[in-house]
Amino acid sequence: MNLLETRNLSVEYGTDEGPLRAVDGVDLSVESGEILGVVGESGCGKTTLMKAILNLLPENGDVVEGDIQFDGRSLIDIPESELRPIRWEDLSYIIQNAMTTLDPVYRIGSQFVEIIRTHRDVSKSEARSMAGEMLEDVGIDRSRLSDYPHELSGGQRQRVVIALALVLDPKLVIADEPTTGLDVVTQEEILKLIKRIQKSFDSAVVLITHDISVVAEIADRVAVMYGGELVEVGPTSDVFHRSAHPYTMGLMNAFPSIEESADELVSIPGSPPNLVDPPTGCRFTERCPFATEECYEEPPEETVGERHRSRCHYTAQAPEFRERSERAETWTADESVRPEGVYNE
Ligand SMILES: Nc1ncnc2c1ncn2[C@@H]1O[C@H](COP(=O)(O)OP(=O)(O)OP(=O)(O)O)[C@@H](O)[C@H]1O
Ligand SMILES: [Mg+2]
């Protein structure tokens, strides 16, 4: 069953240059108990999508279209008073910069007690003992409850934030780059932790990251975002081994640790489109080695398979593209693969 479902969700930010559509028509679902990885380069709309779901968009950001269903109810236009009981208890989050989740002026313990007692009818000491147990689950000594956030290292703080997100046994945890800024060993430990906790608590996890290899390791399904759109989604093995969208193929070539990817690492030249004035056709056209005139003119429809979906005009040619995408020269500006006069305009 789908725990979370966004339908045709679009989010805009008001900017000096005009409305910037950071999320455009996204249909995404999260099933109970699964880990869904969300990947895409910087600026593709991952955080915005998460903030829209959590109702944490900044002042200049608005959901302009679509719906968000969570656990059988709509989260669109829900008053804060009705969202409060859901947040942390059913739907919790680990945001991009953990330091902003923890209040620097309160001890770790009081922050746990506050959140626990908002949702559960327990005494302060019961709340502290719940917090202590959860902290030990994430590998932090319970004596740390008396510390202030600044007394912990970055990795410890991140664990505290994870403990906070899990202490009420939520149905869904949204984790936005939970390991950014941490050293590789700590990153690895935190990811293992997320995986272990998801198993033992049976929570669903949405894991947002630009690191494809992380997702390959722990996600059940993967969603790929590009230029505010969802360009490919499906079970991890399908998306990684049978990528249907050239952007996914390009992303994979830029990461070393996936089997069957290119020997040489090749990054995708160029950068994502400006979302104040996005391209008319497929948003990846300018960087796509397989683009044709049609791609410049017509936005692709989603090709519908039950579980594995992609937004490309040429999904049927994906096997051939995959092979070509592994060669470095495919991604360099080779005019022969682009229709004359279109690319050079
Ligand atoms: N508060 C804001 N006001 C205006 N534009 C914004 C705001 N926040 C984000 N944007 C724009 O929205 C788009 C999507 O940004 P978002 O932060 O969702 O990307 P992201 O995929 O999370 O990137 P990253 O991997 O760097 O975290 C970008 O073009 C960004 O510049
Ligand atoms: Mg982000």
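Modeller: Here come the labels, each set against its rule.

Modeller: Ground rules from the record: this is a predicted model, where local features need pLDDT of at least 70, side-chain atom pairs count only at pLDDT 80 or more, and totals for chains, interfaces and linings use all residues. Residues are numbered from 1 along each chain as its sequence is written, chains are lettered from A and ligands numbered from 1 in the order in which they are written, and side-chain values use heavy atoms, with hydrogens and water left out.

Biologist: What makes strand 6 and strand 7 a pair?

Modeller: Two strands pair if DSSP finds at least two bridges between them. Strand 6 and strand 7 (residues 172-176) have 4 bridges, so they qualify, in the parallel sense. Within strand 7, Ala175 stands opposite Ile94. By the way, strands (E, at least two residues) and helices (H or I, at least four) are DSSP runs, numbered from the N terminus.

Biologist: Why are strand 6 and strand 11 called edge strands?

Modeller: Take the open sheet of 7 strands, with the order 6-7-8-3-9-10-11 and mixed pairing. Strand 6 (91-94) and strand 11 (309-310) each pair on one side only.

Biologist: How do you know that helix 1 packs on that sheet?

Modeller: By contact, meaning heavy atoms within 4.5 Å. Helix 1 (residues 46-54) touches strand 3 (35-39), strand 6, strand 7, strand 8 (204-208) and strand 9 (221-226). The direction of helix 1 makes about 145° with that of strand 7; such angles run from 0 to 180 degrees between N-to-C directions, with axes fitted to C-alpha atoms, for helices over the stretch in contact. Helix 5 (residues 154-166) packs there too, touching strand 6 and strand 7, at about 175° to strand 6.

Biologist: And what is the pairing in the sheet of 4 strands?

Modeller: Antiparallel, in the order 2-1-4-5. Strand 1 and strand 2 are joined by 10 bridges, so they pass the pairing rule. Pro19 in strand 2 is the bridge partner of Gly14. Helix 1 lies across strand 1, strand 2 and strand 4 (61-70), at about 110° to strand 1.

Biologist: What makes a residue part of the surroundings of ligand 1?

Modeller: A residue is near a molecule if one of its heavy atoms lies within 4 Å of it. For ligand 1 that gives 16 residues, with Ser42, Gly43, Lys46, Thr47 and Thr48 the closest. Helix 1 supplies the largest share of the shell, 3 residues.

Biologist: Why is the approach of Thr48 to ligand 1 called a polar contact?

Modeller: The rule asks for a pair of N or O atoms within 3.5 Å. A polar side-chain atom of Thr48 lies 2.5 Å from an oxygen atom of ligand 1, so the pair counts. Backbone N or O atoms also come in, from Gly43 at 2.8 Å and from Gly45 at 3.0 Å. The protein covers 70% of the 630 Å² of accessible area that ligand 1 has on its own, by the Shrake-Rupley method with a 1.4 Å probe.

Definitions and conventions: A polar contact is a pair of N or O atoms within 3.5 Å; within protein, one must be able to donate a hydrogen and the other to accept it, and residues adjacent in sequence count only if both atoms are side-chain atoms.
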